Amino acid sequence: MFFALVAQAMLILALALPVWFWRDGADALALAFGGAIAVANSALLVWRWRLGRRDFHCDGGRHLKSFHRSSLERFFVVGVLSAVGLGLLRLAPLPMLSGLIVGLLAWGFALALRKTE
């Protein structure tokens, strides 16, 4: 899971660099911020996964409660960071959302790539 997190972050940085030269620094910053939101979402998943490996149990209700809490945490973090980027920092919406989408897709592809090895 850590490989996918690093691959996701590296892809976002590799994508923000050409955007800096192609468009401008503001769009590259917005794209990188959207990617950072995706990395934060994935980091919460990795953190929960690591906690789950240490705290092993066979209680279905407890698993469901943990799953629900994790999804709410990630939803809250993505929502708050998106609001900060769009509201406080006044980043361009399209590059920021593009960075978020590309970051989430990179996470999925990196996990799929890692599972095939």
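Colleague: By about how many helical turns are glutamate 73 and arginine 69 separated in helix H3?

Modeller: The model is a predicted one. Glutamate 73 and arginine 69 both belong to helix H3 and are 4 residues apart. Their side chains meet in a salt bridge, with 3.0 Å from N to O. Because the two residues are 4 residues apart in that helix, the separation is about one helical turn.

Colleague: Is arginine 69 buried or exposed?

Modeller: A residue counts as exposed when its relative accessible area is over 50%. Arginine 69 has a relative accessibility of 52%, so arginine 69 counts as exposed.

Colleague: Which helix holds arginine 48, the partner of glutamate 73 in a pair that links distant parts of the chain?

Modeller: The side chains of glutamate 73 and arginine 48 meet in a salt bridge of 2.7 Å, N to O. This pair links distant parts of the chain, the two residues being 25 residues apart. Glutamate 73 lies in helix H3 (residues 60-88), whereas arginine 48 lies in helix H2.

Colleague: Which residues are linked in a network of salt bridges?

Modeller: Glutamate 73 forms a salt bridge with arginine 48 and another with arginine 69. The linked residues are Arg48, Arg69 and Glu73.

Colleague: Arginine 23 forms a salt bridge with aspartate 27; is aspartate 27 buried or exposed?

Modeller: The closest N and O atoms of arginine 23 and aspartate 27 are 2.9 Å apart. Arginine 23 is exposed, with a relative accessible area of 53%. Aspartate 27 has a relative accessible area of 11%, and the limit for burial is under 20%. Aspartate 27 is therefore buried.

Colleague: How far apart in space are alanine 30 and methionine 96, C-alpha to C-alpha?

Modeller: Alanine 30 is in helix H2 (residues 25-54) and is buried, with a relative accessible area of 0%. Beyond its neighbours within four places in sequence, alanine 30 is in contact with Leu91, Ala92, Pro95 and Met96. Although alanine 30 and methionine 96 are 66 residues apart in sequence, their C-alpha atoms are separated by 4.6 Å.

Colleague: What is the area of the nonpolar surface patch that includes Phe2?

Modeller: Phenylalanine 2 is found in helix H1 (residues 2-22) and is exposed, with a relative accessible area of 59%. The patch is made by Phe2, Val6, Met10 and Leu13, and its area is about 430 Å².

Technical notes. Residues are numbered from 1 along each chain as its sequence is written. This is a predicted model: local features need pLDDT of at least 70, side-chain atom pairs count only at pLDDT 80 or more; totals for chains, interfaces and linings use all residues. Side-chain values use heavy atoms; hydrogens and water are left out. Patches are made of residues with over 30% relative accessible area and no salt bridge: like charges are joined within 9 Å, nonpolar side chains (Val, Leu, Ile, Met, Phe, Trp, Tyr) within 5 Å. Accessible areas come from the Shrake-Rupley method with a 1.4 Å probe; for residues, only the protein chains shown count as cover. A salt bridge is a side-chain nitrogen of Lys or Arg within 4 Å of a carboxyl oxygen of Asp or Glu. Buried means under 20% relative accessible area, exposed over 50%, partly exposed in between (1.4 Å probe, protein chains only). Contact means heavy atoms within 4.5 Å.
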